[in-house]
Amino acid sequence: MTPRSRIREIIQQHRRFLILSHTNPDGDAIGSLFALGRVLRSLGKEVFFCNESGVPERFAWLAAADLEVLREPPTEGFDWAFALDCGSASRMGDTVERGIDLGHTVNIDHHQDNSGFAVINWVEARSSVGEMIALLARDLDIPLSGALGEALYLALVTDSGFFSYSNTTPESLRIAAHILEQGLDLDRFNANLQRQWSLGTVKLHGLALQNAYLAEDGRVGVVTVDEDALEHTGATREDSENLVDYMRRVRGVQVSLCLKWESPGRIKMSLRSWGEVDVSAIASSLGGGGHANAAGGVLYTDMRDAEKRVLQRIAQDLPGPHEEASLNAGAH
Ligand SMILES: [Mn+2]
């Protein structure tokens, strides 16, 4: 029996479920959380939602009044927990990790370095966990319409860079097409998703980009956000979410790095790459993780030391002149 069919069986045989996703949730973590909740509710199941960081303000539009998201797991009252988009149990956060029984937990994830921490582990190389929840909905004959379609679409577009990253497959696009056929209002959806910046966001981007630089002969693009920049612009840490993507667009850049001050001695690292450089390997050697072309983690040090350490580590994995030539040839 495959993990996927075992999951369908667990859903059919039990009544009360807890759904979890990773701390500092992105669109996939929030979208797949709500999507699985909608699937289970449409089967008449009782559902608790939990995320240790809560729902970020920019996704508040997706959380209807009937979806309360707890910061810690309920002490009793559920048969099985689902951990979504978590490469390891620690990604759920300390309180959640302590509060659930991994012997009654299903792990649904698409990170290549997933540790298989639960008793049932459905881990596949898919664009997003949302894509996997869509397959599960299909197994259970549930149409991808209304709030379910919206939550799935959020998961799909955020983790695939609006279907531009190499994790996008014909199947991802077929699922997206199916959601549109079921009536998703794309204009309203995008207004909700994209009209989320404050003036502080724009000013923070301006300040950070002013100090952007290239390293390793232009092959690495770096942008940093320090405590001062956050203070000067009144922006929040969430406001710097997409900064890493700017440097990825500079000609010749193969790896884009964003380092962001979070609190004293705590720097958040985001890495993106084109082509062959596997940034998840770089991130995991520094205590983080992720996907081949998008990864991240936290460094417990100051900004200057973080820059030095990450840049040194990236330099080890940059392709040599020969490999670079073939990468460029492939781009035509
Ligand atoms: Mn994901």
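Okay, let's start with helix H8, residues 199-210: it has 12 residues and spans 17 Å from first C-alpha to last, close to the 16 Å expected at 1.5 Å a residue. That expected span is 1.5 Å times one less than the number of residues. And when I say helix or strand, I mean DSSP runs, H or I of at least four residues for helices and E of at least two for strands, numbered from the N terminus.

Quick housekeeping. This is a predicted model, so local features need pLDDT of at least 70 and side-chain atom pairs count only at pLDDT 80 or more, while totals for chains, interfaces and linings use all residues. Residues are numbered from 1 along each chain as its sequence is written.

Back to H8. Which of its residues are buried? Thr 201, Leu 204, His 205 and Ala 208 are, where buried means 20 or more other C-beta atoms within 10 Å of the residue's own, exposed means 12 or fewer, partly exposed is in between, and C-beta atoms are placed from the backbone. Looking down the axis of H8, those buried residues fall within an arc of 100°, so they line one face of the helix; the arc is taken over directions from the helix axis to the C-beta atoms. As a reminder, an α-helix has 3.6 residues a turn, so residues three or four places apart point the same way. On the other side of H8, you'll find Leu 199, Gly 206 and Gln 210 exposed. The buried residues pack against strand S8 (220-225), helix H9 (227-233) and helix H10 (243-247), with contact meaning C-beta atoms, placed from the backbone, within 7 Å.

S1 (16-21) and S2 (46-50) run parallel, joined by 5 bridges, with Arg 16 opposite Glu 46. Between S1 and S2 the chain goes through helix H2 (27-42), and this β-α-β crossover is right-handed: with the strands pointing away from the viewer, the path from the first strand over the helix to the second runs clockwise.

S7 and S8 run antiparallel over 3 bridges, and Leu 214 is partnered with Gly 221 in S8.

Last stop, Ala 295, in strand S12. Is Ala 295 buried or exposed? Buried, because 25 other C-beta atoms lie within 10 Å. Ala 295 sits 6.6 Å from Arg 272, C-alpha to C-alpha, though the two are 23 residues apart in sequence. Leaving aside neighbours within four places in sequence, the contacts of Ala 295 include Leu 271, Val 279, Ile 282 and Gly 290.

Note on methods. Two strands pair if DSSP finds at least two bridges between them. Two residues are in contact if their C-beta atoms, placed from the backbone, lie within 7 Å.
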